[in-house]
Each structure stands twice: as C-alpha cells, then as structure tokens.
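Here is a note for a colleague who is meeting this structure for the first time. Please read the points in order, with the model open beside them.

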Amino acid sequence: MRLRFGGRLAISFLFLLALFLLIQSYLIHSLKKPFLLSSFVGVLIVLPVAYLIFRFMTQPIRVITELANRIASGNGTKGLPLHREDELGRLAKAIDEMRLQLQRKIEEISEEKDYLQALLGGIMEGVLVIDAKGRIVMVNQALRQLLSLPPGIEMRTPIEVIRNAELEETLQRVVQSGKGATLELVLPSAQEKTFEVNVVGIPSSPAETGKEDETRRGAIALFHDITRLKELEKIRQDFVANVSHELRTPLTTIKGYAETLLEGALKEEVAYQFVQVIKKHSDRLEKIVQDLLMLSKIESRQFRLQMEPLSVLDLVNSALSFLREAIDKKMMTVSVEHIPPALQVCGDQKYLEQVLINLLDNAVKYGRDGGKIFVSANQKGQEEVEISVKDDGIGIPKEDLSRIFERFYRVDKGRSNELGGTGLGLSIVKHIVQAHGGRVWAESQPGQGSTFYVTLPLHFPS
Ligand code: ADP
C-alpha cells in the first residue's frame, strides 16, 4: 500500500521522536549522563537525520518547482522525471499536463502567426495594423517597400513614420467610431505615389468586452497603389480633350462656310472657294479620324501583326513611290544608301510601310525645298536591323525631342497644320515599331536637320 505525503510526514516525525527518546534514555540510564546533556546530544544526533529525511521528502517538490520555473521562462519542453502515486505525483502529473497543453497552444499560436505572416507577405497591397492606442502593431513587406519604411517601427505612431495628418486622423476616427473609411493620399515620401487607403476597425472579441463592437482593438489600413491608374485616367482625359480640340477647328470652319453658302452665298462667285475650303477641312477631319482609328487599332487587344520576311529595300522603295509626288513638288532628292539587297526584317508589310511613309513624309514636310533625304539600313548586332531617315530641314529643338512621339505633340502647331499634319504620325510609328519589338528615337540639330532611327527584328534566311 502506498502512503500519502501527509502519512509519510507523520511517520517521519514519529520516527525522529522515537530516535531522540531512545538516544536520550540510553545516555541517561546506561551512561548515567545528566538529563540536559542527554537531551542536547539527542537533538544533535537527530538533527542531521531530520535534515536528510526532509531533503528526501521534499525532493519531488523541488523537481516540480524547477519544472514550474522552466514553464514560466518558456523553456518547458521536457517532461518530469517523477513517477509517484501520492499527491505530489498527481500534482507533478497535473503540472506536466498543463505544460503539454501550453506547449500545444504555443505551437498553434505560432503556426497561426506564421500563416498570417505568409498571408500578409503574399498580399501585393500594403497592410498597416494599429492597436487601440494608435500605435503600429504590424506592417507587411509590401507597405515597407511602397513607403520605404525603416525597420523597427512597431509601437510608433503612423504620423511619426508615414507623416500624413489625414491618415492619422482617419485611423483614430475609425478606432473610435468603428466605421470604415476610404481616403486618397498622395505621399511625397513614396515618390509622389497616389494611394487609395481603406481603413476598417478591428472589433474586440466578445470574450474581452462581453459585447461585440463596443470597443475596438485597433484598425487595419489597406494601401492600394493607384498611381498608374491615375496616370492612365489623366492620359485618357488629356486625349479626349486633345481630340475634341483637334476636331473642333475643322468642324467649326466647315459649319461656318456651309451656313454662309446656305444663307445665299451659294449663288455668288465665292461659292467655289468656299466649297474648296470645306473640302480641305473635311480632308483634314478624315485624316485625323484615320490616324486615330489606326492608333486605336494598334492599341487594341485584338491587334495581331502578320509577320513575314520582308526586304528592307522593297519597303523603302514602296514608301518612296507613295510620296513621289510630294518629293518632286519640293524638288527634293532622296538617296537610298547602304541598304544590302538581301537585308530582311521580320514584320508586317502594311504597318512597316506605314512607318516608313510617316518618317519620309515628315522628312519631306519639314525638309528644305530642294533639300536632301538620306535613307539607310544596316544589320545591328545579331538580331536587329537599324533603319534611319535623315533630312537637312528645320530640325527639332532639344527640349522637344523626347516629346515628339506623344499623341498630338507638335513643335510648331501652326506649321504642322499648314502642312496637313495631325500630330499623330510619330505616335503611330512608335506604336507599330514597339509592337514589332523594336525601338524608335530621333537626333536633331535645329536648323540643320533631323535623323530618325528605327530598329526592327532581323530575319535570318534559312
Ligand atoms: P505631324 O502630323 O505634326 O507631322 P508627327 O507626329 O509626325 O505629327 O510629328 C510630331 C512633330 O514632330 C511635328 O509636328 C514636328 O514638329 C516634329 N517633327 C517630326 N518629324 C520632323 C522632322 N523630320 N523634322 C523636324 N521636325 C519634325
């Protein structure tokens, strides 16, 4: 039968008492020593024995205490080396069970934390979490990169780190009211990026407050980078404004002349001139609409090039024959230089002819009367062909060079209109060349002429 701890304690006490009395009576009766001396010697002998028994009996408590300390310091991975059936054994078992439960909970929590971290890390949007006091609890990797946040910003306030009063105010309002909010921010710290920020409150769990939604544990802010969207929106708005503006002039002119004709001028001599003006502006309208349609076609998702091997020389000659009349009218000479007859590109004939027509048309339009145009083409590297169109005309100022490929951008609008330009020719060139995987750029000396370069994929004869 196993004794309980209390029983063992009582037996030990009785044993020590009996030992003491035995020693004392032996000393008094057998050795005839005085009572006080006998008692003193009895105590002296019993004390170390009592100490040893005490050590032996409290050893399990020390083991349990050590385990409890280990658990408290977060180091409770090992079990107890105690196998007893008494109260101490059961206490040890209970503590060990508690240790296992705790360990399981800690594992669960750290697994959840890892999962959450992985989830937040995988989100492309920036995430910021603050607590009820408005201090940063967590930011994900995306937000760190978007806003170039330094490490160790936890427990600081968003205003200290992101430096935006509107954001700070919104976060506080959401924590207090619990009502979500959306705001648009331009953050200078993030290279003038524009963000749409959705902020929602984190409700306290019912276990914490008794009532859901009464107080909040903090708020989450989701940062969507809408810079590109804003840019596209601006481009679209500018484009619509530009198209409307471009169409208005010829339309107003056509309407004005048509009304004058209707009001009686039809029978007068000037009628013929009026109709000619109407015709000229209708042609201009038609050209703008054609160029716009071409651009929208190239930009559409369905746009597909019919790729085939094409002789560069044939492409150049075909474009030149299309412009022959205009070239002769300005008494210009065109020299086609250094184009090996066997040089071929891989491309769509219709669109590549359009590229050369647009470049040569500009060289004629902005070239001098009686001036010279040089067209050349060479293989560049292993995979490219570089074609250049050079004129000795008015040239392009340095500050305009990077913008001439934009839609409707013209260095001299009056001159371009006068020459029948729409401001879309180079934009079309750029889009077609890029659709072929090539590049286009220009070099120019104002007053001396310009050279336009195009690269296209080389066709290797098989
Ligand atoms: P446009 O229909 O006005 O010619 P483009 O898109 O073809 O439109 O060209 C844009 C602008 O670039 C022109 O208005 C002109 O100012 C300038 N440009 C283009 N080609 C030349 C060139 N060869 N010489 C001088 N300026 C040029």
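1. In the classes used here, Ala, Val, Leu, Ile, Met, Phe, Trp, Tyr, Cys and Pro count as nonpolar, Asp, Glu, Lys and Arg as charged, and the others, Gly among them, as polar. By these classes, the shell around the ligand holds nine nonpolar, 11 polar and three charged residues. The shell has 23 residues, and those that come nearest to the ligand are Tyr366, Arg410, Val411, Gly421 and Gly425; a residue is near a molecule if its C-beta atom, placed from the backbone, lies within 6 Å of it. Helix 11 and helix 14 are the elements that give two or more residues to this shell, where helices (H or I, at least four residues) and strands (E, at least two) are DSSP runs numbered from the N terminus.

2. Some words on the source are needed before going further. The model is predicted, and local features need pLDDT of at least 70, side-chain atom pairs count only at pLDDT 80 or more, and totals for chains, interfaces and linings use all residues. Residues are numbered from 1 along each chain as its sequence is written.

3. How do helix 10 and helix 11 pack? Helix 10 (residues 312-329) and helix 11 (residues 349-365) have axes 9 Å apart and meet at an angle of about 35 degrees, the axes being lines fitted to C-alpha atoms over the stretch in contact and the angles running from 0 to 180 degrees between N-to-C directions. Their crossing is right-handed, a term that applies if the near helix is turned clockwise from the far one by less than a right angle.

4. The contact between these two helices is made on one side by residues of helix 10, including Leu315, Val316, Ala319 and Leu323, and on the other by residues of helix 11, including Leu352, Leu356, Leu360 and Val364; two residues are in contact if their C-beta atoms, placed from the backbone, lie within 7 Å. By class, the residues of this contact are 13 nonpolar, one polar and two charged. Leu356 itself touches Leu315, Val316 and Ala319, when residues up to four places away in sequence are not counted.

5. A residue is buried if 20 or more other C-beta atoms lie within 10 Å of its own, exposed if 12 or fewer, and partly exposed in between, with C-beta atoms placed from the backbone. A nonpolar core is a set of buried Ala, Val, Leu, Ile, Met, Phe, Trp, Tyr and Cys residues joined through C-beta atoms within 7 Å. The largest such core has 35 residues, of which Val312, Val355, Leu356, Leu359, Leu360 and Val429 touch the most other members. At least two residues each come from helix 10, helix 11, strand 9 (372-380), strand 10 (384-391), helix 14 (425-435) and strand 12 (449-457), and helix 11 gives the most, with eight residues. Another core, of 19 residues, lies apart from it and has Leu146, Ile162, Ala219 and Ala221 among its members.

6. Is Phe405 buried, partly exposed or exposed? Phe405, in the loop between helix 12 (398-401) and helix 13 (413-418), is partly exposed because 18 other C-beta atoms lie within 10 Å. Leaving aside neighbours within four places in sequence, Phe405 is in contact with Leu426, Ser427, Lys430 and Val440. Phe405 and Trp441 are 36 residues apart in sequence and 8.7 Å apart in space, C-alpha to C-alpha.

7. Two residues deserve a look for their backbone. Most residues other than glycine have a negative phi. Met155, in the loop between helix 4 (141-146) and helix 5 (158-162), has a positive phi near 75 degrees and is exposed, with 10 other C-beta atoms within 10 Å.

8. Glu85 lies in the loop between helix 2 (35-72) and helix 3 (87-122) and counts as exposed because it has 11 C-beta neighbours inside 10 Å. Arg236, in helix 8 (residues 227-262), is 149 residues from Glu87 in sequence and 82 Å from Glu87 in space, C-alpha to C-alpha.
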